Amino acid sequence: MTDAVTRRAAMLGAGATAGSLLFAGSGAKAQGKPSELRVGITTFLSGSASVFGVPAKQAAELLFEEVNKAGGIGGVPVRPIFVDEAPGTDHLVGEFRRLVQNEGVQLIFASISSGSCLACTPLSDEMKKTTVLWDCGTQRIFEEGQHPYAFRTQGYGTPEVLAPLLYLLKHKPDFRTLAVINQDYAWGRDSWELWKSAMDVLKPGVRVVAEMFPRFGATDYSTEVTRLLAARPDVILSTSWGGDLVTLLRQAAERRLFDRSTFVLPVCEPSLPTLGRTMAAGHIIGTRGDHWNNHPSPKDPARLKRFVDAYRAKYNDYPIYPCHHMAQAISATQAAYAKAIAAKGGGWPNDAELAAAFRGLTFDTPTSSITLREDGQGLEDQIVGISSFNAQYPFAVPKDMILFPAAMVSTPVGRKSVDWLKSLTPDFLNQIPAPIAG
Amino acid sequence: MKRESLLAALGTLALVACAWAVPWLKFILTIALAKGIAVLGILLLLRAGQVSFGHSMFLALGAYTVAFLAPMESEAVLLLPAAALVAAGFGLVIGLFLVRYRDIFFGMLNLAFAMVLYSLLEKLYSLTKGTDGIRVAALSFAGTEPERGTQEWIVFGIALGLAILFGLLVRFYLASPMGRALAGIKTRETRLEFMGVPARRVLLFAYVLSALMGGVGGALIAMTTRHVTPQIAYWTSSGELVFIAILGGAGSALGPFLGSVAFELVRVYAAAAVAEAWQMILGAVLLLVILFAPGGVWGLLSRRWRA
């Protein structure tokens, strides 16, 4: 009897000791150059948003491999550590701590989901760990508070909704009715609020004939399509993405909805390869940035081609926008380390020095260059165009593209997006640049 | 009985030692304790042979109570009982209706209520900020606003204290006539009625108590993660609680805590080892438990004692 208890106690004790030995110490960091640069990356590896998460992970693996072949960052090889954000906030927040305190990561690339980003950024403040928001789009992050250690290396909801709206106003200025069909979750609601705020001041008097928020992950849109066919709106807006958008557009195509109304689809680029020829020509399409495969005048055409070709060779798919957003986060990291190491005269930067290097950083992407503003928000240009088909791609690509400079379509620092959009006037339309060649 | 207390004491020590030795595990263990408290509620209902597939609604009620009230009243000592009261009150209202049903109907109706709550949290966008969720404002503890490290220890301590308190409460409750009557509902309810014990009231009492513990668990989760999203009310979250109950075993008030610590540790280590396939590992663990240890972790331990 007694010896059973002792055995158990011994086992528990041994377990605890082994555990503590296993984990203790690995969090400690030397001030000098580390033997490897660990980057924690949270992304969707399961669930419906894995259509973004998995390609982004593949892009990260591809690019870090290249970086390491070229000698790493500041001479230090990089090791990405991926974390699935699908299980939800409580798990992800725990994983963030594990990455920082156990894996000893130097920085974290946080999240596709806006909810995950909102949960992670305050943690970056508390743990003083540089966090690159690599894909999430909510405008709330930098408009509701200051985050000294968080930086978003890409655009966000406001420019990504405003640019397609401006394009629509230029392309089809006489539309009178509009319907919206968005996924029923935060982005679907947020993007509609942003769109409506801007549309009401830029083109007052548009009648909204239907506001539909079908369930996230819905597989049947027949009711919605019927309603849209009956309501005959001039324009149908949908900021849906992934499988939901593919299903919606397939069912819309079958019932000839494309012939009746002009679609505006700000987040459709990742779904276009899947849709192939099902997608109709002549509708407004966006990609949350400027990184179209057929960008007519990218800043570094060779680099864009190299990335697209390498990605296609390895994964047999075209890279989609999350891959580009991942590439941007990696470029920003390289640029920030170069800046921080130079500022320290060759020494390895600590957390505060790394964050200081990110602030105001300008880094190159294959298509353009992005500057991080003083609030941490990146200025990524937006290209919107009309869906069209050509011989080179087996899926729709944009034509008549307009490049909206990020500074023009982003909310100024210190203002809230909805308030700023409501303060715009129709004069704003005069600022829209001419279409770029291609 | 003696062994149970000894194991509880050892477990407490092991948790504290673990949290002290491995700082990042402190967070995981706090969450595990919070979920364990909620699973205690499931254990009560399991004693009556009822499975609630919607218990996460009480987690959500507790968590959202904290999230909504924190900007007005940051005192954690007041927020916890407030969350418990809201959850217990809600449990009483829907319990009055739910205790009329048994078995699959009981489980499904719970699920239905949880999903209604989930949809409300998601759709009342202007109030709840939808799926992006609400950030929990800074909390104070008995008037002080400690820095992060201290605060993590305080919440861990509160969770541990409440876990022990509720564990003891459930143990005494299950040993009391009211608790014994729960087993009567499982075996044959009519007998209870013949003895003059109103079965519905017995179940209602257990249901409200389980709702209260769910609320406390949810409040602790909100205080730990500091960000609440509607996902906490989703059916997968309820399923997780039932999973933990099965993993831990329904034989003792220790079961839920053994289960929740095992669950969180398996999940975090599975996620760390193979980020792409952690679900498979978790599923395999549950299958192994069902096949080889139907009594859960607790069953394994107590069987060893008897041997």
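Guide: Two strands pair if DSSP finds at least two bridges between them; strands (E, at least two residues) and helices (H or I, at least four) are DSSP runs numbered from the N terminus. This is a predicted model, in which local features need pLDDT of at least 70, side-chain atom pairs count only at pLDDT 80 or more, and totals for chains, interfaces and linings use all residues. Residues are numbered from 1 along each chain as its sequence is written, while chains are lettered from A and ligands numbered from 1 in the order in which they are written.

Visitor: Which residue in strand 8 of chain A stands opposite A:Val180?

Guide: Strand 6 (residues 177-181) of chain A runs parallel to strand 8 (residues 235-237) of chain A, with 3 bridges joining them. The residue opposite A:Val180 is A:Leu237.

Visitor: Which residue in strand 7 of chain A stands opposite A:Ala179?

Guide: Strand 6 of chain A also runs parallel to strand 7 (residues 207-212) of chain A, here with 5 bridges. Opposite A:Ala179 stands A:Ala210.

Visitor: Which helix of chain B gives the largest share of the side that touches chain A?

Guide: The contact (C-beta atoms, placed from the backbone, within 7 Å) takes 36 residues from chain A and 37 from chain B. Several helices of chain B give two or more residues, including helix 10 (199-225) and helix 12 (255-273). The largest share, 6 residues, comes from helix 1 of chain B.

Visitor: Which residues of helix 8 of chain B make the contact with helix 10 of chain B?

Guide: On the side of helix 10 of chain B, the contact is made by B:Ala199, B:Val202, B:Leu203, B:Phe205 and B:Ala206. From helix 8 of chain B come B:Met178, B:Ala181, B:Leu182 and B:Ile185.

Definitions and conventions
Two residues are in contact if their C-beta atoms, placed from the backbone, lie within 7 Å. A residue is buried if 20 or more other C-beta atoms lie within 10 Å of its own, exposed if 12 or fewer, and partly exposed in between; C-beta atoms are placed from the backbone.
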